Amino acid sequence: SRRTPRAMAALALCRRCRRTAGPWGLHQAPLPPLRRRAHERARGAAGLLATQCERGLFQEVFPAQSAEEQLPALLEPGRPPLAAYCGFDPTADSLHVGHLLPVMALLHFQRAGHDVIAVVGGATARLGDPSGRERAREALPVGRVRAQARALRAGLERLFGNHRELFWEPGTSGRLGRAALLDNSCWLGREPLLRFLGGAGGRLRMGTLLSRQSCQARLRSAEGMSLAEFLYPALQAYDFLHLHRHHGCRIQLGGHDQMGNIMSGYELVTKTTGADVFGITVPLITSTTGDKLGKTAGNAVWLNRDKTSPFELYQFFVRQQDNVVEKYLKLFTFIPLEEIAYIMEIHAKEPEKWGPQKRLAAEVTKLVHGREGLESAKRCTKALYYSSVEALEEMSDQELQELFRQAPSAELLLEPGMTVLDLCRKTNAIPDGPSGYRKITDGGVSINGSRITSPETVLILGQHILKNGVSLLRVGKKNYYIIKWLQL
């Protein structure tokens with residue numbers, strides 16, 4: 001087939017590591033295990049565009065022709081670092097799993113030595129992005145937007161910090177690019193309306209904005225489209241222009257549904273400055289029903305611990321089916337492609353071990369919640385699914401509340417001779433009378449994972465009451481009760 005500059009860049013990359021490759025750097029045979037990591041580092045630095053397209057992270061590059069001709073060379077090692085940015089509107093006080101892929105795109109740029117900017121949309125969130133929406137967003141009070149912007153900034157700082165601490169090897173992986181966190185209210189909030197309309201507004205064409213699919217769909221709807229929503233792409237385009245002027249930014253990253261807004265930014269920057277700039281989109285993560293994961297769809301898996309615990313995040317990824325787990329390993333982790341292929345090869349022989357799912361869940365949980373968050377998720381998993389007394393004894397009060405969010409809790413004094421029946425009745429876990437008694441004798445009650453069939457069993461320290469002063473009572477299959485013992 002015709003060797004485009006894009007394919008030639010990929011081929012040149014693999015000559016450096018003396019491997020045979022097809023277009024975009026696809027190898028024809030697996031690497032020896034000892035060379036995998038070194039090869040991945042070389043390919044990540046030299047062929048960022050090719051590697052991420054191979055992983056499926058970079059879905060579309062705009063404008064296609066100039067990006068194919070210029071970007072591979074601009075991203076080569078030894079060249080001055082480029083700056084790339086992505087925006088995150090604070091429509092909630094937490095990022096969610098749908099935001100992870102744009103963050104991963106920024107991190108891969110950073111790992112290749114380029115500078116990245118995460119922009120919190122403290123100004124644009126007050127208008128609301130109409131992309132992919134059937135009706136306008138609910139207007140948010142200024143104070144709430146500011147609070148949510150602070151929370152998003154903290155979440156982004158945590159992700160960049162965990163990556164730097166746990167996934168980056170200083171001195172062996174080249175230069176880690178700089179990362180900046182900005183809020184667009186700092187410049188849009190100070191931009192006079194007439195100057196904005198006379199500047200950016202004069203360079204964006206109405207016909208182009210009206211032709212966008214998101215705009216057309218809203219204009220045909222019964223609700224229509226407000227002027228504020230219509231101007232949203234212009235404000236996001238101005239973000240790109242501001243970042244290009246003040247930070248040398250040449251690449252905008254975003255979800256695939258952001259392509260229209262990215263095109264507006266490209267149009268504004270090129271018409272205003274004449275510079276070559278680019279847009280790159282990443283895939284949208286959807287549920288099994290095809291809905292986009294997020295707050296609007298009501299299926300968000302949050303990245304803040306107070307909304308989705310490390311255990312819940314871990315379980316979300318460990319439950320992914322075989323038909324998507326390889327794709328998710330490529331998208332959500334930094335595991336080299338050759339190692340992913342090996343993981344899937346082992347999985348084909350031992351599917352009952354769920355190896356790829358466990359590795360995926362561990363890598364994502366560690367990035368989002370750090371090493372301690374991953375350990376917390378594993379403790380909760382052992383306690384809930386493997387009835388591990390040791391894991392229960394190590395769990396903190398916070399972990400117990402996260403694991404059993406709906407479980408009632410009670411604080412009790414251990415009285416001499418207190419029985420299992422006494423405990424169940426004091427916590428209102430069983431009904432009074434013979435039916436409650438039979439609930440225990442029929443095997444419907446367990447304490448710390450051990451089934452109890454004798455209601456008169458006396459509670460024993462170290463068996464029914466753990467070293468951390470806690471008992472986990474379960475009645476039936478799903479009714480849990482957390483008991484904290486006082487003055488032991």
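Here is a friendly chat about a predicted model.

Colleague: Is phenylalanine 278 buried or exposed?
Modeller: Phenylalanine 278 is found in strand S6, which covers residues 278-282. Its relative accessibility is 0%. Buried means under 20% relative accessible area, so phenylalanine 278 counts as buried.

Colleague: Which residues touch the most other members of the largest nonpolar core?
Modeller: In soluble globular proteins, nonpolar side chains tend to be buried together. Here the largest nonpolar core has 66 residues, and those touching the most other members are Leu71, Phe109 and Phe332.

Colleague: Which helix gives this core its largest share?
Modeller: The core draws at least three residues from each of domain 1 (45-284) and domain 2 (309-403). Its largest share is nine residues, and they come from helix H5 (residues 97-111).

Colleague: What is leucine 71 in contact with, leaving aside neighbours within four places in sequence?
Modeller: Leucine 71 is one of the residues that touch the most other members of the largest core. With those neighbours left aside, its contacts are Leu49, Val61, Ser66, Leu82, Ile251, Phe278 and Ile280.

Colleague: How far apart are the end C-alpha atoms of helix H13?
Modeller: Helix H13 has 15 residues, 259-273. The expected span is 1.5 Å times one less than the number of residues, so H13 should span 21 Å. The model agrees with this, as the end C-alpha atoms are 21 Å apart.

Colleague: What covers the buried residues of H13?
Modeller: The buried residues of H13 are Met259, Asn261, Ile262, Ser264, Gly265, Glu267, Leu268 and Val269. Their cover includes strand S1 (60-62), helix H8 (193-203), helix H9 (206-211), helix H12 (232-247), strand S5 (249-255) and S6.

Colleague: Which residue follows H13, with a positive phi?
Modeller: The phi there is near 75 degrees. The residue that follows H13 is glycine 274.

Conventions: Residues are numbered from 1 along each chain as its sequence is written. This is a predicted model: local features need pLDDT of at least 70, side-chain atom pairs count only at pLDDT 80 or more; totals for chains, interfaces and linings use all residues. Side-chain values use heavy atoms; hydrogens and water are left out. Helices (H or I, at least four residues) and strands (E, at least two) are DSSP runs, numbered from the N terminus. Buried means under 20% relative accessible area, exposed over 50%, partly exposed in between (1.4 Å probe, protein chains only). Contact means heavy atoms within 4.5 Å. A nonpolar core is a set of buried Ala, Val, Leu, Ile, Met, Phe, Trp, Tyr and Cys residues joined through side-chain atoms within 4.5 Å. Domain bounds come from an automatic or database domain assignment.
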